[in-house]
Amino acid sequence: DIKRESEGKGVKEIIEVVLDKTAYIEKMYNTTSPEDMSKIENIDELLNSAEEYDSLTETPTLEEYLNQISLFTDIDAWKEKGDRINMMTVHSAKGLEFDTVFIVGAVDGLFPHINNIDSDSKIEEERRLFYVAMTRAKEKLFVSYSHTRDFRGSFMPSVVSRFIKEIPEELLVEKRKPHVKTINELPAENVSNKLAIHPVFGKIRILKTVGEGEGKRAYIALENGEKKWVLVKYARFKFPEE
(Lines give C-alpha, C1' and ligand atoms only; values in the text may rest on other atoms or scores of the structure.)
Protein backbone atom coordinates (compact mmCIF):
# COMPACT_ATOMS: atom_id res chain seq x y z
CA ASP A 1 0.00 0.00 0.00
CA ILE A 2 1.67 3.20 -1.21
CA LYS A 3 -0.06 5.49 1.28
CA ARG A 4 0.90 3.33 4.25
CA GLU A 5 4.54 2.97 3.20
CA SER A 6 4.83 6.72 2.52
CA GLU A 7 3.81 7.79 6.01
CA GLY A 8 6.53 9.68 7.86
CA LYS A 9 8.89 9.72 4.87
CA GLY A 10 10.55 12.62 3.09
CA VAL A 11 9.45 13.68 -0.37
CA LYS A 12 12.25 11.84 -2.16
CA GLU A 13 11.44 8.62 -0.31
CA ILE A 14 7.74 9.00 -1.17
CA ILE A 15 8.60 9.32 -4.85
CA GLU A 16 10.86 6.28 -4.62
CA VAL A 17 8.04 4.28 -3.01
CA VAL A 18 5.71 5.20 -5.88
CA LEU A 19 8.34 4.30 -8.48
CA ASP A 20 9.04 0.99 -6.77
CA LYS A 21 5.39 -0.02 -6.38
CA THR A 22 4.45 0.94 -9.93
CA ALA A 23 7.67 -0.40 -11.54
CA TYR A 24 7.50 2.71 -13.71
CA ILE A 25 11.24 3.07 -14.37
CA GLU A 26 11.62 -0.64 -15.13
CA LYS A 27 8.96 -0.31 -17.81
CA MET A 28 10.82 2.63 -19.34
CA TYR A 29 14.11 0.70 -19.40
CA ASN A 30 12.45 -2.14 -21.30
CA THR A 31 11.95 0.07 -24.34
CA THR A 32 14.34 1.77 -26.75
CA SER A 33 12.16 4.82 -27.28
CA PRO A 34 14.02 8.16 -26.95
CA GLU A 35 10.88 9.59 -25.37
CA ASP A 36 11.01 6.96 -22.61
CA MET A 37 14.71 7.64 -21.97
CA SER A 38 13.88 11.32 -21.68
CA LYS A 39 11.21 10.46 -19.10
CA ILE A 40 13.81 8.59 -17.04
CA GLU A 41 16.06 11.65 -17.08
CA ASN A 42 13.14 13.79 -15.95
CA ILE A 43 12.56 11.42 -13.04
CA ASP A 44 16.24 11.66 -12.09
CA GLU A 45 15.96 15.45 -12.00
CA LEU A 46 12.77 15.18 -9.95
CA LEU A 47 14.55 12.99 -7.40
CA ASN A 48 17.47 15.44 -7.23
CA SER A 49 15.04 18.29 -6.64
CA ALA A 50 13.13 16.38 -3.96
CA GLU A 51 16.36 15.42 -2.20
CA GLU A 52 17.46 19.05 -2.06
CA TYR A 53 14.05 20.14 -0.79
CA ASP A 54 14.14 17.51 1.98
CA SER A 55 17.60 18.63 3.09
CA LEU A 56 16.60 22.30 3.26
CA THR A 57 13.23 21.89 4.98
CA GLU A 58 12.74 21.10 8.64
CA THR A 59 9.38 19.36 8.13
CA PRO A 60 9.09 18.50 4.43
CA THR A 61 5.68 17.63 3.03
CA LEU A 62 4.65 16.49 -0.42
CA GLU A 63 1.99 19.20 -0.68
CA GLU A 64 4.44 22.00 0.08
CA TYR A 65 6.99 20.57 -2.35
CA LEU A 66 4.45 20.40 -5.16
CA ASN A 67 3.45 23.99 -4.47
CA GLN A 68 7.08 25.09 -4.69
CA ILE A 69 7.83 23.42 -8.01
CA SER A 70 4.59 24.40 -9.71
CA LEU A 71 5.46 26.75 -12.55
CA PHE A 72 3.20 29.02 -14.55
CA THR A 73 3.83 27.86 -18.11
CA ASP A 74 0.97 29.33 -20.14
CA ILE A 75 3.00 31.22 -22.74
CA ASP A 76 -0.20 32.62 -24.23
CA ALA A 77 -0.70 34.68 -21.07
CA TRP A 78 2.81 36.15 -21.27
CA LYS A 79 2.92 39.94 -21.15
CA GLU A 80 5.85 41.96 -22.40
CA LYS A 81 5.59 44.64 -19.75
CA GLY A 82 6.30 43.96 -16.12
CA ASP A 83 9.22 43.80 -13.74
CA ARG A 84 9.73 40.06 -13.89
CA ILE A 85 11.86 37.27 -15.29
CA ASN A 86 10.23 34.98 -17.83
CA MET A 87 11.36 31.35 -17.79
CA MET A 88 10.51 29.30 -20.86
CA THR A 89 11.77 26.64 -23.22
CA VAL A 90 13.43 27.60 -26.47
CA HIS A 91 10.43 26.27 -28.38
CA SER A 92 8.10 28.50 -26.36
CA ALA A 93 10.30 31.53 -27.05
CA LYS A 94 9.99 31.28 -30.83
CA GLY A 95 8.64 34.52 -32.25
CA LEU A 96 9.38 36.48 -29.06
CA GLU A 97 12.18 38.96 -28.38
CA PHE A 98 13.68 40.31 -25.16
CA ASP A 99 16.23 42.98 -24.33
CA THR A 100 18.29 40.44 -22.38
CA VAL A 101 18.32 36.66 -22.71
CA PHE A 102 20.03 34.02 -20.56
CA ILE A 103 20.67 30.55 -21.99
CA VAL A 104 21.58 28.21 -19.14
CA GLY A 105 22.89 24.66 -19.09
CA ALA A 106 24.87 24.97 -22.33
CA VAL A 107 26.77 21.70 -21.96
CA ASP A 108 27.01 18.66 -24.19
CA GLY A 109 24.41 16.20 -23.02
CA LEU A 110 21.85 18.91 -22.33
CA PHE A 111 22.20 21.26 -25.30
CA PRO A 112 22.64 19.29 -27.54
CA HIS A 113 20.79 16.51 -25.74
CA ILE A 114 22.65 13.27 -25.13
CA ASN A 115 20.10 11.30 -27.19
CA ASN A 116 20.92 13.39 -30.27
CA ILE A 117 24.72 13.52 -30.13
CA ASP A 118 25.25 10.52 -32.43
CA SER A 119 22.88 11.77 -35.13
CA ASP A 120 24.10 14.41 -37.60
CA SER A 121 20.56 15.37 -38.57
CA LYS A 122 19.43 15.76 -34.96
CA ILE A 123 22.55 17.75 -34.07
CA GLU A 124 21.79 20.09 -36.94
CA GLU A 125 18.23 20.46 -35.68
CA GLU A 126 19.49 21.37 -32.21
CA ARG A 127 22.02 23.77 -33.73
CA ARG A 128 19.14 25.62 -35.38
CA LEU A 129 17.32 25.62 -32.05
CA PHE A 130 20.38 27.11 -30.34
CA TYR A 131 20.41 29.82 -33.01
CA VAL A 132 16.75 30.53 -32.27
CA ALA A 133 17.57 30.88 -28.57
CA MET A 134 20.43 33.31 -29.24
CA THR A 135 18.45 35.48 -31.63
CA ARG A 136 15.71 36.10 -29.05
CA ALA A 137 18.06 38.71 -27.52
CA LYS A 138 17.80 42.28 -28.80
CA GLU A 139 20.63 43.79 -26.74
CA LYS A 140 22.40 41.35 -24.43
CA LEU A 141 22.88 37.59 -24.53
CA PHE A 142 24.36 35.52 -21.70
CA VAL A 143 25.20 31.84 -22.27
CA SER A 144 26.23 29.91 -19.18
CA TYR A 145 27.55 26.45 -18.46
CA SER A 146 28.91 24.63 -15.43
CA HIS A 147 32.05 22.56 -15.00
CA THR A 148 30.06 19.99 -12.99
CA ARG A 149 26.38 19.17 -12.62
CA ASP A 150 24.27 17.22 -10.16
CA PHE A 151 23.15 13.81 -11.42
CA ARG A 152 21.36 11.38 -9.10
CA GLY A 153 22.93 12.99 -6.04
CA SER A 154 26.48 12.99 -7.43
CA PHE A 155 28.47 15.64 -9.24
CA MET A 156 29.57 14.80 -12.78
CA PRO A 157 32.06 16.73 -14.94
CA SER A 158 30.51 18.71 -17.78
CA VAL A 159 31.77 19.58 -21.26
CA VAL A 160 30.95 22.99 -22.68
CA SER A 161 28.41 22.79 -25.51
CA ARG A 162 29.90 22.42 -28.96
CA PHE A 163 27.54 25.19 -30.07
CA ILE A 164 29.40 27.71 -27.91
CA LYS A 165 32.67 26.66 -29.50
CA GLU A 166 31.17 27.37 -32.92
CA ILE A 167 30.52 31.04 -32.11
CA PRO A 168 33.25 33.30 -33.59
CA GLU A 169 35.64 34.34 -30.82
CA GLU A 170 35.38 38.03 -31.72
CA LEU A 171 31.71 37.92 -30.73
CA LEU A 172 32.37 36.49 -27.28
CA VAL A 173 33.15 38.19 -24.00
CA GLU A 174 34.03 35.47 -21.52
CA LYS A 175 33.41 36.07 -17.85
CA ARG A 176 34.18 33.51 -15.18
CA LYS A 177 33.07 33.36 -11.58
CA PRO A 178 35.76 34.08 -8.98
CA HIS A 179 37.15 31.00 -7.28
CA VAL A 180 35.16 29.96 -4.24
CA LYS A 181 35.95 27.51 -1.50
CA THR A 182 33.57 24.77 -0.41
CA ILE A 183 32.84 23.91 3.20
CA ASN A 184 35.03 20.82 2.90
CA GLU A 185 38.06 22.97 2.04
CA LEU A 186 37.84 24.94 5.28
CA PRO A 187 39.04 23.84 8.72
CA ALA A 188 36.11 22.89 10.96
CA GLU A 189 36.93 25.64 13.47
CA ASN A 190 36.63 28.29 10.73
CA VAL A 191 33.13 27.33 9.59
CA SER A 192 31.01 28.50 12.53
CA ASN A 193 29.76 32.11 12.48
CA LYS A 194 30.94 32.51 8.90
CA LEU A 195 29.31 34.23 5.95
CA ALA A 196 28.60 31.97 2.97
CA ILE A 197 26.56 31.72 -0.20
CA HIS A 198 23.77 29.16 -0.51
CA PRO A 199 22.40 28.22 -3.98
CA VAL A 200 18.79 28.70 -2.84
CA PHE A 201 18.86 31.20 0.05
CA GLY A 202 21.68 33.42 -1.24
CA LYS A 203 23.82 35.12 1.39
CA ILE A 204 23.57 33.36 4.74
CA ARG A 205 25.56 33.05 7.97
CA ILE A 206 26.55 29.65 9.31
CA LEU A 207 25.99 29.89 13.06
CA LYS A 208 27.33 26.44 13.93
CA THR A 209 27.85 22.94 12.60
CA VAL A 210 27.27 19.63 14.36
CA GLY A 211 27.98 16.02 13.52
CA GLU A 212 30.38 14.46 11.06
CA GLY A 213 30.39 12.85 7.63
CA GLU A 214 27.06 12.16 5.92
CA GLY A 215 25.06 13.39 8.91
CA LYS A 216 26.83 16.72 9.39
CA ARG A 217 24.33 19.56 9.79
CA ALA A 218 24.61 23.34 9.82
CA TYR A 219 22.44 25.86 11.65
CA ILE A 220 22.12 28.89 9.36
CA ALA A 221 20.63 32.37 9.52
CA LEU A 222 19.02 33.86 6.42
CA GLU A 223 19.08 37.54 5.52
CA ASN A 224 15.43 37.88 6.59
CA GLY A 225 16.33 36.64 10.08
CA GLU A 226 14.90 33.15 9.66
CA LYS A 227 17.03 30.32 11.05
CA LYS A 228 17.00 26.67 10.02
CA TRP A 229 18.97 23.43 10.03
CA VAL A 230 20.32 22.01 6.76
CA LEU A 231 22.37 18.96 5.86
CA VAL A 232 25.86 20.06 4.82
CA LYS A 233 26.02 17.20 2.30
CA TYR A 234 23.35 18.83 0.15
CA ALA A 235 23.67 22.50 1.12
CA ARG A 236 26.53 23.29 -1.31
CA PHE A 237 27.81 26.25 0.68
CA LYS A 238 30.38 28.40 -1.06
CA PHE A 239 32.80 30.85 0.49
CA PRO A 240 34.17 33.68 -1.70
CA GLU A 241 37.91 34.16 -1.41
CA GLU A 242 38.73 36.68 1.28
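Author: Contact, as used here, means heavy atoms within 4.5 Å. The model is predicted, so local features need pLDDT of at least 70 and side-chain atom pairs count only at pLDDT 80 or more, while totals for chains, interfaces and linings use all residues. Residues are numbered from 1 along each chain as its sequence is written, and side-chain values use heavy atoms, with hydrogens and water left out.

Reader: Which residues does Val 101 touch, not counting residues up to four places away in sequence?

Author: Val 101 touches Ala 133, Arg 136, Ala 137, Lys 140, Leu 141 and Phe 142.

Reader: How many residues does the largest nonpolar core have?

Author: A nonpolar core is a set of buried Ala, Val, Leu, Ile, Met, Phe, Trp, Tyr and Cys residues joined through side-chain atoms within 4.5 Å. Buried means under 20% relative accessible area, exposed over 50%, and partly exposed in between (1.4 Å probe, protein chains only). Here the largest core has 14 residues, and those with the most contacts inside it include Phe 98, Val 101, Phe 111, Phe 130 and Phe 163. Strand E1 (98-103), H7 and H8 are the elements that give two or more residues to this core; the largest share, four residues, comes from H7. Helices (H or I, at least four residues) and strands (E, at least two) are DSSP runs, numbered from the N terminus. Another core, of 12 residues, lies apart from it, with Leu 56, Ala 196, Ile 204 and Val 232 among them.

Reader: How many aromatic pairs does the ring rule give?

Author: Rings of Phe, Tyr and Trp (its six-membered ring) pair if their centres lie within 6.5 Å; planes under 30 degrees apart count as stacked, over 60 as edge-to-face and the rest as tilted. The count by this rule comes to six aromatic pairs. In one of them, Phe 130 and Phe 163 have ring centres 5.4 Å apart and planes at 45 degrees, so the pair is tilted. Because Phe 130 lies in helix H7 (residues 120-134) and Phe 163 in helix H8 (residues 162-165), this pair ties together parts that are 33 residues apart in sequence.

Reader: Are Phe 130 and Phe 163 buried or exposed?

Author: Phe 130 is buried, at 2% relative accessible area, and Phe 163 is buried at 3%. Ring pairs also link both residues with Phe 111 into a cluster.

Reader: Where do Tyr 219 and Trp 229 lie?

Author: Tyr 219 lies in strand E8 (residues 217-222) and Trp 229 in strand E9 (residues 227-231), so their pair ties together parts that are 10 residues apart in sequence. Tyr 219 is partly exposed at 23% relative accessibility, and Trp 229 is partly exposed at 26%.
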